[in-house]
Amino acid sequence: MDSLPGSWRVQARRISRRLIWRARGERFDCPACNSRALIDLDILPQRNRSVAFVCACETCGMVFANPQPSQESLDAFYSPEGTWRGADSDAGVHATKGTEGTWFRTFDAIRGDLRLEAPPAGARALDFGCGGGKLLDELQAFGWDTWGIEPAKDTAFRRHHRLESVPAVPTFDLIAAHHVLEHVPHPLDLLRQFAAASQPTGFLSVSVPRFDTLPVHRDYKYVLNGRAHIVAYTWPCLRALLAMAGWIPVQAPPDVAAAKADPHASRRLRVLAKRSASPDTVPAPAAAAFAATRDYYRQGDARPWLARAGFLRLSARRQHMARRRALAAAKIGRVQSDARA
Ligand SMILES: [Zn+2]
């Protein structure tokens, strides 16, 4: 048995998971760092499963829907025939508006090392999850050699190079992963792949929905819904995962208090990072995620009383049983109406 960092909440979860109820397929380790020190933050009602949990990792701070969708259902979701194809994955994300855009401004901090609008000759950029290729279009106009990875559609590759996977050798001067990391079941693996594919002087631009500002923007479904957005990030968590993968953020994003000035911008966490000499361990307990959930419910808490009182597993079991009874009643109703027909 590994030694568990963190709190009594980790132990409480282990015991109540054993004694009270667990969701089918629930995982017992963190999808990012594989730590088993998990806590329950909330209940996540699911469309096709009865009830899932929002869990957080006491080692890296990752927040995730538990259970996670199976790899088969994720593959189907993002396949060319899947649901994701219809989504406008470029919307907002890649509306960079040339040198006027807020994304461009994140590069101000590194102008001594890299000028986005005037890259060195032969500089290569990769957009992982490039959608229709809007960001690559802009980078190409600045003079970048542009590469993309996108399983759901082909349109970007009329103008840009296509890759099926991230190369394992230093190739790129800039890697963008905008609104990708919330969709993937193994985000730390992906950040490590980006580090391997980056030149030693390369940069990584990451944008994800932001969990620790949940009480400010209040858009829970955007941050985590268990279907498309299956993992979620606080700033301490993203910083920790970047460090573990060999990246150092160039600048910290606004803290939760500063985020109140612009609730819309507070919905996302946008970070520019540079390669570090070696991976590092920065502990990131689940405190920021716990505080975000607590403060989110401070206003107008409409949860069932058991959940409000902190008895998440009891509440989830009740919801699960109620749903099973409703399904059974619907089945009996169908059989009776078939018999009458
Ligand atoms: Zn973790």
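## The zinc site

Four donor atoms surround the zinc ion at angles of 103 to 115°, which makes the arrangement tetrahedral (for four donors, all angles must lie between 85 and 135 degrees). The ideal angle for four tetrahedral donors is 109.5 degrees. The donors are the SG atoms of C30, C33, C57 and C60, lying 2.3 Å from the zinc ion; a donor here is an N, O or S atom within 2.8 Å of the metal, or 3.2 Å for Na, K and Ca. Along the sequence, these residues follow the spacing C-x2-C-x23-C-x2-C. C30 counts as buried because its relative accessibility is 0% (buried is under 20% relative accessible area, exposed over 50%, partly exposed in between, with a 1.4 Å probe and protein chains only).

Please keep in mind that this is a predicted model, where local features need pLDDT of at least 70, side-chain atom pairs count only at pLDDT 80 or more, and totals for chains, interfaces and linings use all residues. Residues are numbered from 1 along each chain as its sequence is written, and side-chain values use heavy atoms, with hydrogens and water left out.

## The sheet and its helices

Next, look for an open sheet of seven strands, with mixed pairing and the order β6-β5-β4-β7-β8-β11-β10. Its edges are β6 (161-162) and β10 (247-249); each has a single partner strand, so one side of each is left without a neighbour in the sheet. Strands are DSSP runs of E with at least two residues, helices are runs of H or I with at least four, and both are numbered from the N terminus. Two strands pair if DSSP finds at least two bridges between them.

Strands β7 (residues 172-178) and β8 (residues 198-209) pair in the parallel sense over six bridges. Helix α5 (residues 187-197) packs on the sheet, touching β4 (124-128), β7, β8, β10 and β11 (268-275); contact means heavy atoms within 4.5 Å. The direction of α5 makes about 150° with that of β8 (axes are lines fitted to C-alpha atoms, for helices over the stretch in contact, and angles run from 0 to 180 degrees between N-to-C directions).

## Salt bridges

The count comes to 17 salt bridges, each a side-chain nitrogen of Lys or Arg within 4 Å of a carboxyl oxygen of Asp or Glu. One of them joins D29 and R27 (2.9 Å, N to O), and both residues are buried. Another links D154 with R162 (2.9 Å, N to O). D154 counts as exposed at 51% relative accessibility, while R162, at 33%, is partly exposed.

Conventions: Four donors count as tetrahedral if all angles lie between 85 and 135 degrees; four count as square planar and six as octahedral if opposite donors are over 155 degrees apart and all others between 65 and 115; anything else is irregular.
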